[in-house]
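User: Could you walk me through a few features of this structure? I'm new to this, so please spell out the terms.

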Amino acid sequence: SVYTPDEGDQFVNLFEEARFYRILRSWHRQERQWAQLFLAYLHDPDVHPAELFRSSNEIFKSARYSNEDTPLDDLLATISDSLPALTNANTLETALFVDSHIPQLHEKALESLGTKGDHARFAYLRYLLAPPSTEDTDSQVTSRVGGPSTHLSSSLRQLYLSLHCQ
């Protein structure tokens with residue numbers, strides 16, 4: 001019944017060190033600590049990529065709802081910093097997540113592909129611009145609804161065309 005923030009921070013640190021991600025997720029959700037909740041999913045090795053992206057969508061929507069439709073800056077910064085891990089988990093799901101919630105990060109997401117190279121960049125852009133292919137439906141990727149993305153800059157559309165011609 002007696003709560004002091006210092007004790008709460010100590011518990012969170014202990015749970016992080018012990019890798020008790022379920023407890024951390026419950027804690028951060030209750031406290032509406034969206035960036036930390038996202039990281040608790042991202043860092044948990046037992047979370048399947050499909051669950052990671054499903055939860056990331058829910059977190060982002062909850063953060064926007066609780067903050068009057070304006071996403072929290074710390075959540076955006078955390079997602080931006082986590083793009084390499086997200087693209088590593090699933091490039092196409094990352095494309096869909098970024099396009100749905102934070103399209104201003106498309107270029108950074110493509111840069112985060114690093115060593116995966118042009119093939120991964122092409123797959124990312126094709127998923128957003130081309131009609132769905134059997135390659136997309138064979139993997140465990142959320143089907144894109146609607147036509148091509150309207151959130152990509154002309155330079156990214158040009159990059160897609162140049163990669164497509166290679």
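This is a predicted model: local features need pLDDT of at least 70, side-chain atom pairs count only at pLDDT 80 or more; totals for chains, interfaces and linings use all residues.

User: Which handedness does the crossing of α7 and α9 have?

Analyst: Helix α7 covers residues 91–101 and helix α9 residues 117–129. A crossing is left-handed if the near helix is turned anticlockwise from the far one by less than a right angle, and right-handed if clockwise. For α7 and α9, the crossing is right-handed.

User: Which residues of α9 meet α7?

Analyst: Contact here means heavy atoms within 4.5 Å. From α7, the partners include Leu92, Leu96 and Asp99. On the α9 side, they are Ala120, Ala123, Tyr124, Tyr127 and Leu128.

User: Which residues of α2 are exposed on the face turned away from its buried side?

Analyst: Buried means under 20% relative accessible area, exposed over 50%, and partly exposed in between (1.4 Å probe, protein chains only). In α2 (residues 21–30), Tyr21, Leu24, Arg25 and His28 are buried. The face turned away from that buried side carries Arg22 and Gln30.

User: Is Arg32 buried or exposed?

Analyst: Arg32 sits in the loop between α2 and α3 (34–43). Its phi is positive, about 55 degrees, although Arg32 is not a glycine. With 53% relative accessibility, Arg32 counts as exposed.

Terms used:
Residues are numbered from 1 along each chain as its sequence is written. Side-chain values use heavy atoms; hydrogens and water are left out. Axes are lines fitted to C-alpha atoms, for helices over the stretch in contact, and angles run from 0 to 180 degrees between N-to-C directions. Helices (H or I, at least four residues) and strands (E, at least two) are DSSP runs, numbered from the N terminus.
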